[in-house]
Amino acid sequence: MDDLYRELIIERYKNPLYRGELDPHDISFEDENPVCGDHIRIDLRVDDNDIVTEAAFSGQGCSISQASADLLVESIIGKSLDEIRGLTKDDVLDLLGIELGPVRLKCALLSLKVLKGGVYGLSSADDVSLEA
Ligand code: ZN
């Protein structure tokens, strides 16, 4: 099972489905993980009912950070901003499906940090809580 998820991560790193920038967008946020050099930006388009209609990520970094962003962006299309505010790190880890040590965890959770920073309209990613 673990191998299957590893393959998914490598596949999404090499051939992401949601890489790009949305211009114009309703929400955009970016941050980096200096430990690894990962950088992620996420753009969202949201309808009148606060439902995400389109989402994309851009940036660069290790396979975990980029695959995590691609999978997370995929999972939030059609969700409401309230549902996104309720996402936790466990939701991201479920998407990735592998056990991660503390260093890789920062890589994996950068996309959630960026997403929540954007949805909460924060000025700094330092203020982001990864709990619901
Ligand atoms: Zn990384």
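This is a short walk through a predicted model, from the whole chain down to single residues. Residues are numbered from 1 along each chain as its sequence is written, and side-chain values use heavy atoms, leaving out hydrogens and water. Because the model is predicted, local features need pLDDT of at least 70 and side-chain atom pairs count only at pLDDT 80 or more, while totals for chains, interfaces and linings use all residues.

Start with the fold. The chain has five helices and three strands. Both are DSSP runs numbered from the N terminus: helices are H or I with at least four residues, strands are E with at least two. From the N terminus on, the order is α-β-β-β-α-α-α-α.

Next, the overall form. The radius of gyration, taken over C-alpha atoms, is 14 Å, which agrees with the value near 14 Å for a compact globule of 132 residues. That rule is 2.2 Å times the number of residues to the power 0.38. Along the principal axes, the C-alpha atoms fill a box of roughly 40 × 25 × 25 Å. Of the 132 residues, 41% are buried. Buried means under 20% relative accessible area, exposed over 50%, and partly exposed in between, with a 1.4 Å probe and protein chains only.

Now find the zinc ion. Its donors are C36 (SG), D38 (OD), D38 (OD), C62 (SG) and C107 (SG), at 2.1 to 2.7 Å. Donors are N, O and S atoms within 2.8 Å of the metal (3.2 Å for Na, K and Ca); water is not among the atoms, so sites may look incomplete. The spacing of the donor residues in sequence is C-x1-D-x23-C-x44-C. D38 sits in strand 2 (residues 38–46) and C107 in helix 5 (residues 102–119), so this pair ties together parts 69 residues apart in sequence. Both D38 and C107 are buried.

Move to the loop between helix 4 (89–96) and helix 5, where L100 lies. Beyond its neighbours within four places in sequence, L100 is in contact (heavy atoms within 4.5 Å) with I64, L93, L105 and A108. I64 is 36 residues from L100 in sequence, yet their C-alpha atoms are 9.7 Å apart.

Two backbone details remain. The peptide bond from D23 to P24 is cis, with omega near 5°. P24 is in the loop between helix 1 (2–14) and strand 1 (27–33). D50 belongs to the loop between strand 2 and strand 3 (52–60). Its phi is near 65°, a positive value in a residue other than glycine. D50 is partly exposed, at 38% relative accessible area.
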